[in-house]
Amino acid sequence: MDLSRRSFLAATGLGALGLASTALTAGCSTDGGAEASASGPVEGEITVLTPMYQGATGKQLLEGTLLKQFHKKYPKATVKVDYTDYNSLNEKITTGLAGGLLPDVLMIGVGWVPPFAYKKVLAPLPDSAGTKYDYQPRVLAPSKYDGKLYALPVVLDARVVAYRKDHFEAAGIKAPPKDWTELRAIAKELAQAKGGKVTRAGFDPFSIDLRQCWENFVFANGGRLFDESGRKVLFDDDRGVEALQLFLDVVKDKVADPSFAPAAGQPSTLQQGRASMMMTDTALWLNMQQQTPELIDEDKVGMFVLRNTDAAMLQGGTLGCVSAHSQHRAAAQALVEFLATPDAVLPAAEQRGSVPGISSLRDSAYVKKNKLVDFALSNLDKSVSEGGTPAWMEIREKVKPTLQTAVVGQRTAKQAIGDLASVAKAAIGRL
């Protein structure tokens with residue numbers, strides 16, 4: 001069943017396509033926002049907008065520990081915190097821009113630097129800030145735009161495939177799949193059904209964000225989202241279509257069910273034994289420690305990097321940036337650099353079950369005890385990040401709903417990718 005043009009626009013939110021661009025443009029100075037200099041004294045009251053440090057534990061870490069250390073080092077600087085979540089982060093930034101009230105420090109996602117740097121929302125950081133610690137090039141790459149450094153990585157998140165070793169052993173399967181053909185075959189062997197309905201997914205790609213999961217499949221299929229300039233769409237070739245088609249195939253094979261995704265805060269399908277393999281992020285290990293420690297104690301969960309033509313691990317995370325409109329830029333830059341130090345990164349990563357992006361932290365007790373984080377650090381050479389175009393914030397919000405039209409059977413994989421490519425090309429054309 002095809003969607004009508006009107007219902008498709010409504011379903012994907014394309015009628016509001018220009019909203020993010022309009023808000024980004026509002027309040028942006030053409031001179032890069034040179035209202036204050038980072039070479040001045042570290043003093044004044046600054047505000048940080050963060051999607052990290054959630055809940056009482058996170059707040060205690062940030063305000064009760066880290067910011068107290070920062071204030072001890074810089075007693076003339078004070079920090080106010082504006083907490084949000086990732087779902088509301090872009091809206092809060094664009095609303096702040098439209099009202100001329102942007103926080104001094106922004107903690108944003110991977111892929112967000114090019115759009116905000118292009119619109120002169122961010123102040124560049126000195127190159128030396130990116131060389132203080134041993135970042136791998138792929139870790140630091142999303143912090144740069146047009147040859148300049150605009151952010152520092154605080155924590156990383158990686159997308160991998162986790163699998164139940166006990167399910168594999170019971171089925172006599174000796175090793176994880178080497179490509180998608182083996183992935184699909186093993187998923188069929190492991191899946192269970194009753195009355196024509198899936199009761200155990202052989203492979204679950206639906207328990208993480210559909211946008212991120214599809215991107216990981218594109219990268220594992222040898223594809224990319226955009227060219228190096230960020231002005232040409234590349235995901236609309238066969239590799240992007242095949243990546244989405246695999247999602248449809250595992251549903252058709254009765255080895256996956258999109259409705260299996262558990263409610264927020266509940267154990268994952270893998271933890272529940274309702275999936276033998278699933279796409280996941282590194283927070284799974286923390287969830288297992290808290291919810292299903294027996295899976296760790298009995299060594300029942302393994303992991304592997306998704307692979308078809310290439311091995312690819314989607315790298316997300318949180319970056320610290322300085323607003324180009326900050327009136328206390330020296331203090332804002334000092335805070336960004338402080339939050340990116342090993343002493344601040346390690347407890348932040350531990351609190352979230354995330355990956356510390358500084359190589360020297362590989363030997364920390366946290367990493368050694370968290371096998372999923374350790375695995376991700378061992379495979380950072382295979383990491384690929386989303387974004388890569390100044391139009392990403394417009395495109396990003398349309399990826400999931402557009403792909404969803406194929407998952408629910410309203411479009412073919414090729415049609416959905418074509419629709420998404422049209423959205424992306426139009427957004428890029430407005431730059």
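How many residues does helix α10 have, and how far does α10 reach from its first C-alpha to its last?

The model is predicted: local features need pLDDT of at least 70, side-chain atom pairs count only at pLDDT 80 or more, and totals for chains, interfaces and linings use all residues. Residues are numbered from 1 along each chain as its sequence is written, and side-chain values use heavy atoms, with hydrogens and water left out.

**View 1. Helix α10, residues 238–252.** α10 has 15 residues and reaches 20 Å from its first C-alpha to its last, close to the 21 Å expected at 1.5 Å a residue. Helices are DSSP runs of H or I with at least four residues, strands are runs of E with at least two, and both are numbered from the N terminus. The expected span is 1.5 Å times one less than the number of residues. Gly240, Val241, Ala243, Leu244, Leu246, Phe247, Leu248, Asp249 and Val250 are the buried residues of α10; buried means under 20% relative accessible area with a 1.4 Å probe, protein chains only. Their cover includes α8 (180–190), α9 (210–220), α18 (392–407) and α19 (413–429). After α10 comes lysine 254, with a positive phi near 60 degrees.

**View 2. Helix α3, residues 55–73.** The 19 residues of α3 reach 26 Å from first C-alpha to last, close to the expected 27 Å. A kink of about 35 degrees is centred on leucine 67; the bend at a residue is the angle between axes fitted to the seven residues ending there and the seven starting there. Leucine 67 is also buried in α3, as are Gly58, Leu61, Leu62, Leu66 and Phe70. Among the elements that cover these residues are strands β1 (44–50) and β2 (77–83) and helices α14 (329–339) and α15 (342–352).

**View 3. The second largest pocket.** This pocket holds about 730 Å³ of space. Of its 27 lining residues, Asp227, Glu228, Ser385, Gly387 and Gly388 are the closest to its centre. Two or more lining residues come from each of α6 (137–140), β5 (144–145) and β13 (383–384). By class, the lining has 11 nonpolar, 9 polar and 7 charged residues.

**View 4. The second largest cavity.** The lining divides into 5 nonpolar, no polar and 3 charged residues.

*Terms.* On a 1 Å grid over the protein atoms alone, a cavity is a set of points where a 1.4 Å probe fits but cannot get out, a pocket is an open set with protein on both sides within 12 Å along at least five of seven lines, and lining residues have an atom within 4 Å of a point. A volume is the space filled by probe spheres set on the points, which are joined across faces, edges and corners. Ala, Val, Leu, Ile, Met, Phe, Trp, Tyr, Cys and Pro count as nonpolar, Asp, Glu, Lys and Arg as charged, and the others, Gly among them, as polar.

Conventions. Buried means under 20% relative accessible area, exposed over 50%, partly exposed in between (1.4 Å probe, protein chains only). Contact means heavy atoms within 4.5 Å.
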